[in-house]
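Take a look at the chain below. We will walk through a sheet, a few loop residues and a pair of helices.

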Amino acid sequence: RKVHPPGPKGYPVVGNLFDLMVPEWWRNTVMWGSQYGDVVFLRSLGQPMIMVNSYDVAVDLFEKRSMNYSDRPTSVMVNELQQWDWMLSSLSYGEQLKKLRGPVQKFFESSNIQHYEDMQKNETQKLLRSLLRSPENYSQHLKTSLASSIMMVTFGHEIDSFDDLLVTLARMASDHVEMAMQQGLFLVDVIPWLKHLPKWFPGAGFQVIAENGAKLSHDLRYVPYRYAKDKVLTGSATRSFTSQQMEDCSRLSGKLTEDDEAVISATTGICYGAGASTTMSALMFFLLALTLHPDVQKRAQDEIDQVVGDSRLPELSDRPRLPYCSALLKEVHRWCPILPLGVAHATREADTYEGYYIPAKTIVIPNCWAMLMDPNEYPDPDAFKPERFLPDDGQRMPRDPTKIAFGFGRRVCPGKPLAENTIFLAATHILTVFNVSKATSEDGSVIEPIVKIHSDGVVR
Ligand code: HEM
């Protein structure tokens with residue numbers, strides 16, 4: 001509903017708590033969108049929020065007005081008590097963000113990340129061998145392979161098992177921070193003075209959680225970095241994000257300063273948390289799509305057979321000649337949004353948009369679910385149809401879903417080139433050597449899978 005400046009008073013509070021408590025509650029936000037429009041205002045425990053339901057509005061706010069819409073919501077629990085304030089994804093828009101995003105963007109851009117193709121192919125071939133040995137453990141094999149790939153790219157650290165010490169640390173830390181980031185879970189985020197309560201005080205259990213979080217935050221930042229640094233200094237390191245940054249610093253100033261180390265440890269420390277579960281989720285949805293749609297699988301395999309032949313596995317350079325496989329992966333990002341509500345941005349200052357007053361420090365949520373399920377852009381949105389991205393001559397190509405799935409504006413995912421390469425290699429390698437199908441019981445009858453999608457509140 002349109003209201004006029006000056007104030008947020010009198011805004012409609014839409015939806016109700018029940019809507020927010022059901023699993024996959026963002027599905028309801030599509031209804032809010034059709035009822036209230038592309039911009040929906042809510043108040044959660046006094047905190048103003050807007051939900052952006054259309055791609056055009058997302059571009060208007062996050063891209064055309066990016067100076068104002070590139071902040072992040074702050075949280076006492078995450079930023080202050082647990083000291084995750086070094087983490088790029090939770091930094092406010094400003095000098096520190098620019099200082100950290102610069103090296104991250106430079107490292108992950110396509111021209112640099114292509115140097116890691118051999119390493120990625122090696123990891124993917126290890127995945128194929130594990131899948132051959134015990135296909136029933138497919139999700140564990142995927143997790144291990146993706147963890148190893150990210151650890152190799154970031155620290156030059158190869159892992160054999162998911163119980164690897166650095167991976168365990170990164171997993172525990174990621175779980176902790178994801179929990180702490182959930183809006184409204186901790187009262188201290190609503191009533192900040194509670195942060196002064198000692199941990200023995202009745203009801204101050206959050207202080208114990210915070211203390212553990214602060215330790216994990218410190219260890220995640222410095223333990224893997226020191227390990228990788230030692231390998232670089234002893235000459236036993238392979239090329240990685242850490243080694244490249246250390247070389248850049250030495251070339252520019254002849255030595256590694258404390259400030260350099262603070263940047264390298266922060267930029268490398270975030271990679272596992274940001275990249276492992278998201279890429280894993282995309283590949284799990286890919287396997288689900290193949291299981292449910294054998295016709296799609298067959299068409300993709302035929303394309304690979306024709307283009308690549310049967311004497312080698314696909315490479316990144318084959319991508320332009322595999323349009324159906326590329327369309328399949330676009331459809332995976334659209335059909336099963338991994339981050340249905342993206343990652344929240346926040347306004348720095350008050351703004352007016354199309355007659356709406358948007359206060360300063362409003363949390364701005366891109367409703368990626370609604371954008372990717374928009375029937376005007378993607379007719380029959382619940383159906384899995386890669387061919388929608390191969391339109392007949394003269395027909396319009398629907399919007400590339402990765403323009404939504406990887407976020408917007410100045411906070412867009414910097415890891416996108418790496419994620420896309422990893423997903424392409426794993427998906428096409430699996431298609432080349434395996435058939436993915438529904439399981440059968442002992443008497444040979446097909447077991448219909450029951451699709452259950454787990455979400456930790458951020459990543460599905
Ligand atoms: C399928 C895989 C992935 C998806 C769908 C994904 C999606 C996203 C999204 C939606 C955001 C928030 C963008 C915004 O605020 O508008 C984000 C941020 C980020 N992603 Fe990814 N991501 C993926 C993989 C990766 C990988 C592999 C890495 C690095 C190893 C990575 C690193 C980051 C970082 C550092 C941020 C924070 C950027 C900032 O706050 O400025 N992501 N990602």
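This is a predicted model: local features need pLDDT of at least 70, side-chain atom pairs count only at pLDDT 80 or more; totals for chains, interfaces and linings use all residues.

V39 has V52 as its bridge partner in strand 2. Strand 1 and strand 2 pair in the antiparallel sense, over 6 bridges. The two strands form a hairpin with 2 residues between them. In that hairpin L45 takes a positive phi, near 50°.

Now follow strand 2 to its other partner. Strand 2, residues 47–52, runs parallel to strand 6, residues 363–366. Here 4 bridges join the two. The bridge partner of M51 in strand 6 is I365. For V52, the partner in strand 6 is P366.

How many strands does the open sheet have, and what is their order? There are 4 strands, in the order 1-2-6-3, with mixed pairing. Strand 1 (39–44) and strand 3 (345–346) stand at the edges. Each has a single partner strand, so one side of each is left without a neighbour in the sheet. As for side chains, in a regular strand they alternate between the two faces of the sheet.

Next come two loop residues. E354 sits in the loop between strand 4 (351–353) and strand 5 (356–358). Its phi is positive, near 50°, and E354 is not a glycine. Is E354 buried or exposed? E354 counts as exposed, because it has 10 C-beta neighbours inside 10 Å, and 12 or fewer is the cut-off for that class.

K361 lies in the loop between strand 5 and strand 6. K361 is not a glycine either, yet it has a positive phi of about 60°. It has 14 C-beta neighbours inside 10 Å, so K361 counts as partly exposed.

Finally, turn to the helices. Helix 7 (residues 117–133) packs with helix 8 (residues 138–155) at an angle of about 165°. Their axes are 10 Å apart. That angle makes helix 7 roughly antiparallel to helix 8, because angles over 145 degrees count that way. The crossing of the two helices is right-handed.

Which residues make the contact? From helix 7 they are M119, Q120, E123, T124, K126, L127, S130 and L131. From helix 8 they are Y138, H141, L142, S145, S148, S149 and M152.

Conventions. Residues are numbered from 1 along each chain as its sequence is written. Two strands pair if DSSP finds at least two bridges between them. A residue is buried if 20 or more other C-beta atoms lie within 10 Å of its own, exposed if 12 or fewer, and partly exposed in between; C-beta atoms are placed from the backbone. Axes are lines fitted to C-alpha atoms, for helices over the stretch in contact, and angles run from 0 to 180 degrees between N-to-C directions. Angles under 35 degrees count as roughly parallel, over 145 as roughly antiparallel, 65 to 115 as roughly perpendicular and the rest as oblique. A crossing is left-handed if the near helix is turned anticlockwise from the far one by less than a right angle, and right-handed if clockwise. Two residues are in contact if their C-beta atoms, placed from the backbone, lie within 7 Å.
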